[in-house]
Every structure is written in structure tokens, then in C-alpha cells.
Amino acid sequence: MRASDADRDAAAERLATALTEGRLDLAEYEHRLDKAMHAVVLGELRALTADLPLPPEPAEEPEGELAGAGHSALSPWHDWVDEWRWWLGGAVIMTGIWGVTSIMGGALLPFWPLVPLGIWAAILVAAAIWPDETTSSRR
């Protein structure tokens, strides 16, 4: 059977795992990866990973209503903190641009990043106070 892009990607991921685990050295990994990316049939991919252990099975979550309670209870805060990390990254970039343009201009320019950062922060605070319907139904 002919290999698909997803099959090649799965083989490449398995080879990368073997490299990080120390099962392959860099030269062997590069050689096998090149062959995997040019593989036409599944048999070629199987031959490249035949001497590697199978990846561990993902752990299954217990079923039931209480199973996802711990995960969903942490998820809104986790997502909210991630949003603020994006905001901080944007603040660093915009402030850097403002600083460089101010130095190049020879005088301090008005701090324009305050406007987009303020709007963005207001949206994040509003989302925390008034969550959308899909977020509130998961809690």
C-alpha cells in the first residue's frame, strides 16, 4: 500500500523520539529520515522503524462526569494566564519598536503601545469577568 504524508510524518516522529532517547545517533537519524521522506510504500517505512520499540500507549482518562472535573477546573485559569503571556510578549515587542524608533528619531516619541496594549488588556479583563457561553457551560 502506498504511504501517505501522515504515514511519513508518523515515521519521522518515531525516528525523532528514538534520537532523543539515544537509540539512534545523528547520522543514522538523518539517513533514516531522508529515506522516510522519500518512501513510496508502507513497507519502506516499516523497515526504517522495525528495530525501534513501539511508542507507549497514551494514558486513557477515566470515564464519567467526575473524570474531567479536575482538568476543566484548571483549564480556564490556565487559558487566562496563557492569554496574558501573549499580551506580555506583544508588550515587549511593541515597546522595543517604540524604543528603537525613539532612539533613531533622537527624541522620545509618544508611547503609542499604550493604546493597543490597553485595549487588549481591557478585552482580557472583560473576558475574565464575562466569559463567553462555551466557557461558562464547561464549568
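1. The structure holds two aromatic pairs. Rings of Phe, Tyr and Trp (its six-membered ring) pair if their centres lie within 6.5 Å; planes under 30 degrees apart count as stacked, over 60 as edge-to-face and the rest as tilted. Helices are DSSP runs (H or I, at least four residues) numbered from the N terminus.

2. A note on the source: this is a predicted model, in which local features need pLDDT of at least 70 and side-chain atom pairs count only at pLDDT 80 or more, while totals for chains, interfaces and linings use all residues. Residues are numbered from 1 along each chain as its sequence is written, and side-chain values use heavy atoms, with hydrogens and water left out.

3. Tryptophan 84 is partly exposed, at 24% relative accessibility. On this scale buried means under 20% relative accessible area, exposed over 50%, and partly exposed in between (1.4 Å probe, protein chains only).

4. The rings of tryptophan 98 and phenylalanine 111 also form a pair: their centres are 5.0 Å apart and their planes stand at 85°, so the pair is edge-to-face. Tryptophan 98 belongs to helix H4 and phenylalanine 111 to the loop between H4 and helix H5 (114-129), so the pair ties together parts that are 13 residues apart in sequence. Tryptophan 98 is buried at 17% relative accessibility, whereas phenylalanine 111 is partly exposed at 37%.

5. Serine 102 is also found in helix H4 (residues 69-105). Is serine 102 buried or exposed? Serine 102 is buried, because its relative accessible area is 4%. Apart from neighbours within four places in sequence, serine 102 is in contact (heavy atoms within 4.5 Å) with Ala107, Leu108 and Leu109.

6. The largest nonpolar core has twelve residues, among them Ala3, Ala11, Leu15, Leu24, Tyr29 and Leu52. A nonpolar core is a set of buried Ala, Val, Leu, Ile, Met, Phe, Trp, Tyr and Cys residues joined through side-chain atoms within 4.5 Å. Helix H1 (5-20), helix H2 (26-37) and helix H3 (42-49) each give two or more residues to this core. A second, separate core of six residues includes Ala91, Met94, Ala121 and Leu124.

7. Tyrosine 29 touches Leu15, Ala16, Leu19 and Leu24, not counting residues up to four places away in sequence. Threonine 49 lies in helix H3 and is buried at 8% relative accessibility. With neighbours within four places left aside, threonine 49 is in contact with Ala11, Arg14 and Leu15.

8. Which residues line the second largest pocket? The lining includes Glu13, Arg14, Thr17, Arg23, Leu52 and Pro53. By class, the lining residues divide into seven nonpolar, one polar and four charged. Ala, Val, Leu, Ile, Met, Phe, Trp, Tyr, Cys and Pro count as nonpolar, Asp, Glu, Lys and Arg as charged, and the others, Gly among them, as polar.

9. Aspartate 51 sits in the loop between H3 and H4 and is exposed, with a relative accessible area of 52%. Aspartate 51 and arginine 23 are 28 residues apart in sequence and 9.8 Å apart in space, C-alpha to C-alpha.

Conventions. 1 Å grid on protein atoms, 1.4 Å probe; cavity = no way out; pocket = protein on both sides within 12 Å on 5 of 7 lines; lining within 4 Å.
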